[in-house]
Amino acid sequence: MDSSFAACSEPPSRNSVILARPRARSHAQAARKNASIYMQSRKIGHFSNDAGTLLRKNMNLLRQIVLQDTTEFIKVWTRQSKSPIAYECGRIYLENYRCCYSSIPSKPQHLYELPKCTKAEKLEDALLCQCSLGKTLPKPSDQKPCLLALSANNWLYRFSTETGEQLQRVYLSPHHKFRYLGWDVPQEMFYVKSVQNKQIPMARQTGLEQTTLMYLAVFKVAPLELVGVLEVDKRVFGTTVVDVILTQGVLAVSHSSKVVRLYSFENIVQKYKTKELVLGEQCEWNGVRGTVGEPPFGIPVNIHINGCPPVLFEVSCFNNGIQIGGHPWHYIFTPNNKKHQGTHHICSLRDDSLAKNGIQDMKCCSLESDWIYFHPDDSGRIIHVGPSTINVLKILSSQEPPLQSEVVPEFSIMAHRDNNAVPLVSVTSSGRIVKRRFQQLDDDPEQETFRLVEYEDELDLLAVVEVTHREDEGKAHVGLHDNQTGKLMKRLPLMESWDVTYSHELFFDRDTIVHIEQGRNNQFFCHVYKVACRQPD
């Protein structure tokens with residue numbers, strides 16, 4: 001839905017001046033304000049003219065419209081594909097990012113379709129890059145949103161998100177197979193990761209060990225600039241290294257020994273970059289001359305680490321999973337110990353001390369485990385999702401010694417469950433007593449179970465997918481909860497069935513809900529729902 005809503009009221013006279021600052025309102029008071037009053041107030045200038053305030057007021061208005069009793073979400077569009085479907089920021093990508101639809105209109109509209117290509121040229125991964133707001137760039141094309149796409153034959157492309165026009169392309173390497181794209185700092189710096197090098201049996205027999213695990217090519221965006229290409233060598237990071245990612249300026253290295261070590265990427269670049277390379281400029285490397293980013297030269301490896309960098313942080317954790325966030329900084333992990341499996345430990349990053357009430361354990365018996373993560377609204381809170389319970393937690397810091405932080409519950413969301421419990425002890429027809437070890441699985445298909453949680457930042461709503469198995473198929477509802485209190489504001493049915501044996505994604509974007517599912521025979525489906533208002537009874 002367009003954020004520029006119409007208004008219908010006369011402007012105030014030039015002599016009317018508001019001197020008093022309006023009294024602050026609570027969230028509950030603001031929510032009671034009629035939508036038409038918002039529109040009239042905006043027209044007569046009660047709101048600031050700056051874009052941020054106007055957008056915030058418009059989103060307040062849209063939130064009220066979405067939550068009205070007379071507002072429904074109607075399925076308006078469905079597409080099927082033999083390849084995975086992706087969605088980001090109002091764009092639906094099909095056929096390996098070759099075909100693009102906009103989900104912003106009342107019904108998705110076709111934007112562009114890239115020329116057909118061979119299997120060796122297909123796009124394998126992509127990132128959506130928004131326009132730069134902090135500075136004016138020399139080329140107009142650099143100022144507009146673009147799709148960063150990686151092809152199977154090692155080309156990195158920039159496509160216009162509106163027309164699909166190719167804005168720029170960079171050839172990465174004739175020697176290393178690059179496969180994955182990821183953000184280091186979102187909308188500022190990204191990396192391209194190669195596949196892992198595998199030891200060739202013939203080389204193993206002759207005693208030639210393959211020590212290079214993978215390569216990372218790092219770029220800045222707006223405009224596209226090369227930072228460098230990094231070689232991940234087992235002789236530097238250890239023979240147990242299994243994976244590497246780059247996030248928020250930190251190189252995170254995972255080991256098969258269940259240890260994760262963090263290093264400063266800025267320090268690595270400053271200390272180990274051997275030569276500055278510029279895309280499109282001539283370069284001589286090991287006696288070979290070529291253009292950086294053009295075939296067959298590509299981009300040489302110009303970051304060679306010849307000694308282990310200082311370790312910023314190290315932790316031993318189950319499944320190499322660690323998350324860092326919160327206010328003040330904390331990290332979440334599961335210790336690499338059998339007795340701690342199923343629990344999540346929340347510790348201070350300052351001194352590694354466990355927070356009070358920092359061990360979170362759902363104590364659930366289910367086929368799928370619970371999951372926990374820092375809230376994407378940058379509040380520093382934590383969301384812990386189980387089959388029947390969602391706990392939103394916050395971290396309180398102490399200013400007095402000992403400086404131990406505390407994890408306290410803010411609110412919980414509970415699934416609607418049948419209270420007719422199955423007895424733990426039953427008697428068979430022969431008189432044999434059978435004791436059940438567990439009363440019932442917490443994610444039993446016949447009980448309402450939480451499957452996904454999505455946060456809509458502009459409406460400040462949590463969208464919770466609840467699935468119940470009825471009549472041989474899964475029925476899903478999306479519960480819209482207030483992000484500050486957890487209160488259920490609205491419940492929406494999804495028309496298609498929800499098969500829990502396949503993967504699902506759900507996106508909630510202003511007035512649009514997008515459900516992407518994988519079906520049988522490796523088929524993929526995309527369902528789009530839009531807001532519609534019906535006449536009140």
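This is a predicted model: local features need pLDDT of at least 70, side-chain atom pairs count only at pLDDT 80 or more; totals for chains, interfaces and linings use all residues.

**Salt bridges, pockets and a buried loop**

Q: Which residue forms a salt bridge with R491?
A: The closest N and O atoms of this salt bridge are 2.9 Å apart; the term covers a side-chain nitrogen of Lys or Arg within 4 Å of a carboxyl oxygen of Asp or Glu. The pair links distant parts of the chain, 25 residues apart, with R491 in strand β32 and its partner in strand β30 (residues 461–470). That partner is E466.

Q: Is E466 buried or exposed?
A: Buried means under 20% relative accessible area, exposed means over 50%, and partly exposed is in between (1.4 Å probe, protein chains only). R491 has a relative accessible area of 37%, so R491 is partly exposed. E466 has a relative accessibility of 4%, so E466 counts as buried.

Q: How many residues apart in sequence are the parts that K75 and E496 tie together?
A: The side chains of K75 and E496 meet in a salt bridge at 3.0 Å, N to O. K75 lies in strand β1 (residues 71–81), while E496 is in the loop between β32 (488–493) and β33, so the parts they tie together are separated in sequence by 421 residues.

Q: How many salt bridges does the count come to?
A: Some salt bridges link up in a network, made of D377, R381, K394 and E410. Another salt bridge joins the side chains of K177 and E124 (3.0 Å, N to O). By the salt-bridge rule, the count comes to 23.

Q: Which strand gives the largest share of the lining of the largest pocket?
A: A pocket is an open set of points on a 1 Å grid over the protein atoms alone, with protein on both sides within 12 Å along at least five of seven lines; a cavity is a set where a 1.4 Å probe fits but cannot get out, and lining residues have an atom within 4 Å of a point. The largest pocket has 36 lining residues, with E88, C89, G90, Q130 and D509 nearest its centre. Strands are DSSP runs of E, at least two residues, numbered from the N terminus, and β2, β29, β33 and β34 each supply at least two residues of this lining. The largest share, four residues, comes from β33.

Q: How much space lies in the second largest pocket?
A: Its lining has 22 residues, and T247, Q248, I322, Q323 and I324 lie nearest the centre. β19 gives the most to that lining, with six residues. A volume is the space filled by probe spheres set on the grid points, which are joined across faces, edges and corners. For the second largest pocket this comes to about 880 Å³.

Q: What is the volume of the largest cavity?
A: The structure holds four cavities of 30 Å³ or more. The largest cavity is lined by 13 residues, and C129, D142, C146, R158 and A222 lie nearest its centre. Its volume is about 70 Å³.

Q: With which side chain does D370 make a polar contact of 2.5 Å?
A: D370 lies in the loop between β22 and β23, and D370 counts as buried at 10% relative accessibility. A polar contact is a pair of N or O atoms within 3.5 Å; within protein, one must be able to donate a hydrogen and the other to accept it, and residues adjacent in sequence count only if both atoms are side-chain atoms. The contact of 2.5 Å is with the side chain of H384.

Q: Which residue's backbone oxygen does the side chain of Q360 reach at 2.8 Å?
A: Q360 is found in strand β22 (residues 354–361) and is buried, with a relative accessible area of 12%. The side chain of Q360 reaches, at 2.8 Å, the backbone oxygen of N357.

Terms used
Residues are numbered from 1 along each chain as its sequence is written. Side-chain values use heavy atoms; hydrogens and water are left out.
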